[in-house]
Amino acid sequence: MIRSTLFTRSALGLALALGAAAGTVIAASPAVAKEKAPAVPKIVPSKAFAPLYGPMKTALDNAGKRQDVLDAKTAVATATAGVNAASGKAARDAARANYDATVKALGDKLVAEKTQLDQLVPAISTPDDKLIYGQLAFGLGKLAEDKPLQRKGLQASVDSGKLVPEQQAQFNFFVGALSYDMRDWAAARAALQNAITAGYKQNDSESLLAEAYINDNQAAEGLKVLETAIAGRTTAAPEEWLRRGVVVAYKAKLADKATTFGSKLVSAYPTTQNWALAIAVLRDTARYPSQETVDLLRLMDRTNSYMEGRDYVEFIQAADPRRAPGEVLKVVNAGLNSGKLSAKDVFVTEAKTIASGRIATDKASLPAAERDARAGSATATVVMAAADAYLSYDNPAKAAELYQLALGKPGVDLPRALTRLGIAQTDLGQIAAAQATFAKVEGPRKAMAQLWSAYAASKVAPAAAPAK
């Protein structure tokens with residue numbers, strides 16, 4: 001089981017940022033006005049539209065001051081807080097129902113104003129009319145907490161063609177964010193892509209675009225958006241993006257992508273929790289046999305990212321107390337000390353007894369095993385057995401020498417020998433050499449080698465600062 005706090009992305013609340021934009025529909029923002037004021041055309045309503053605009057604006061202004069509307073908006077704010085505080089499905093459903101009811105009650109108090117706004121539509125004949133209508137529609141939509149009407153107003157502003165480029169990009173983002181909240185995934189993708197293409201990268205617009213694909217059952221496309229966004233950054237991607245990539249890829253059974261995001265995650269943010277996630281995902285997707293499992297769980301041991309008793313048990317089973325008694329005993333003791341293994345568990349006590357009983361004899365056999373491995377006639381199997389023994393007894397120097405020797409033997413299991421040589425080099429602090437070794441690993445072990453390489457790099461490179 002993968003235990004991870006999934007990153008969930010919601011645009012709920014982004015509409016609050018629209019408050020800052022409400023007054024910028026006709027005039028540019030202060031910074032833009034200072035630089036590009038001459039390029040902003042004068043907004044003039046058409047003769048047919050002008051007589052309707054004034055009364056509508058007055059009606060909107062008056063509605064915003066009415067006590068019944070203000071009281072209804074307070075009820076919506078209280079209901080919103082209830083939604084945010086709700087815990088558990090039943091409580092969330094009840095809170096959401098209450099929120100919907102308060103929004104409807106508020107909207108019912110503004111029916112006359114909405115009807116009056118609709119009467120402006122037939123009179124729209126120019127881009128200026130459309131921009132003015134968009135401002136009024138957004139204003140009324142914000143007053144009524146009516147997201148479809150807010151989006152309609154913003155879209156009209158975008159379609160008018162009268163916004164300066166910076167506002168065009170920003171408003172496309174707001175349209176996309178509102179569409180996302182409304183679960184209109186296709187509309188969200190279109191608007192967000194327009195915003196990003198125009199250079200708008202604020203408010204996690206790229207991750208929101210990715211989520212608009214993922215929530216629409218298009219995980220591969222969403223992950224591609226995330227990868228593109230990550231590649232385009234000059235600093236480390238936010239940790240939540242990378243964790244989200246790992247989890248989405250895992251759930252979509254995209255093993256290669258899960259490994260890619262997992263490697264990036266632990267490279268930038270090598271926390272215990274992130275190592276546990278990346279290793280667990282690879283373990284569950286790769287379904288490695290015992291020897292590969294040993295090397296993957298050795299990485300879990302090095303990063304101290306055991307999350308549950310199962311992790312220790314699988315290591316013990318894969319390593320086998322009869323074959324690697326020293327390493328198994330170390331894992332058993334670590335599990336007992338962590339409290340994740342129980343001394344009353346028969347499996348645990350048997351493994352500890354077997355391992356403890358074999359260590360002395362096993363250690364005594366090491367010199368002879370090394371002598372046999374260095375003989376010119378030694379086979380790859382003999383050399384690898386000696387190297388494996390030294391690695392399991394935390395003697396990476398001897399292990400590295402013997403793995404190098406094994407690589408020159410015919411019939412050697414090359415991916416296994418390279419993986420373990422890289423592990424020994426990492427334990428020795430030979431980081432550059434270890435990474436070069438891991439880079440040579442091919443086949444099913446390649447994904448594991450990528451994680452090991454990231455671990456090696458983490459021993460010399462500082463972790464990325466947490467995103468603010």
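Guide: In this predicted model, H3 passes H6 in a left-handed crossing.

Visitor: At what angle do H3 and H6 pack, and how far apart are their axes?

Guide: The packing angle of helix H3 (residues 50–63) and helix H6 (residues 111–118) is about 160°, and their axes lie 10 Å apart. Angles over 145 degrees count as roughly antiparallel, so H3 is roughly antiparallel to H6.

Visitor: Which residues make that contact?

Guide: H3 contributes Pro 55, Met 56, Ala 59 and Ala 63, while H6 contributes Glu 113, Gln 116 and Leu 117.

Visitor: What does Leu 242 touch, leaving out residues up to four places away in sequence?

Guide: On that basis Leu 242 touches Ile 230, Ala 237, Phe 261, Lys 264, Leu 265, Ala 268 and Tyr 269.

Visitor: Let us step back to the whole chain. How many helices and strands does the protein chain have?

Guide: The protein chain has 25 helices and zero strands. Of its 468 residues, 47% count as buried. Among contacts between residues at least 6 apart in sequence, 64% join residues at least 24 apart.

Visitor: Back to helix pairs, then. How do H21 and H22 cross?

Guide: The axes of helix H21 (residues 380–392) and helix H22 (residues 396–407) come within 8 Å and cross at roughly 160°. H21 and H22 are therefore roughly antiparallel to each other, and H21 passes H22 in a left-handed crossing.

Visitor: Which residues are involved there?

Guide: From H21 they are Val 383, Met 384, Ala 386, Ala 387, Asp 388, Tyr 390 and Leu 391; from H22 they are Lys 398, Ala 399, Leu 402, Tyr 403, Leu 405 and Ala 406. The contact of H21 with H22 comprises eleven nonpolar, no polar and two charged residues.

Visitor: And what about H23 and H24?

Guide: Helix H23 (residues 414–427) and helix H24 (residues 431–438) pack at about 165°, with their axes 8 Å apart. H23 and H24 are therefore roughly antiparallel to each other, and their crossing is left-handed. Among the residues making the contact are Leu 418, Leu 421 and Gly 422 of H23 and Ile 431, Ala 434 and Phe 438 of H24. The residues of the contact of H23 with H24 divide into seven nonpolar, five polar and no charged.

Visitor: A change of topic: what is the phi of Asn 203?

Guide: Asn 203 has a positive phi of about 55°, although it is not a glycine. Asn 203 is located in the loop between helix H10 (185–197) and helix H11 (205–214). With 38% relative accessibility, Asn 203 counts as partly exposed.

Visitor: And Asn 217: is it buried or exposed?

Guide: Asn 217 is exposed, with a relative accessible area of 74%. Asn 217 is in the loop between H11 and helix H12 (219–231), and its phi is positive, about 60°, although Asn 217 is not a glycine.

Technical notes. Residues are numbered from 1 along each chain as its sequence is written. This is a predicted model: local features need pLDDT of at least 70, side-chain atom pairs count only at pLDDT 80 or more; totals for chains, interfaces and linings use all residues. Side-chain values use heavy atoms; hydrogens and water are left out. Axes are lines fitted to C-alpha atoms, for helices over the stretch in contact, and angles run from 0 to 180 degrees between N-to-C directions. Helices (H or I, at least four residues) and strands (E, at least two) are DSSP runs, numbered from the N terminus. Angles under 35 degrees count as roughly parallel, over 145 as roughly antiparallel, 65 to 115 as roughly perpendicular and the rest as oblique. A crossing is left-handed if the near helix is turned anticlockwise from the far one by less than a right angle, and right-handed if clockwise. Contact means heavy atoms within 4.5 Å. Ala, Val, Leu, Ile, Met, Phe, Trp, Tyr, Cys and Pro count as nonpolar, Asp, Glu, Lys and Arg as charged, and the others, Gly among them, as polar. Buried means under 20% relative accessible area, exposed over 50%, partly exposed in between (1.4 Å probe, protein chains only).
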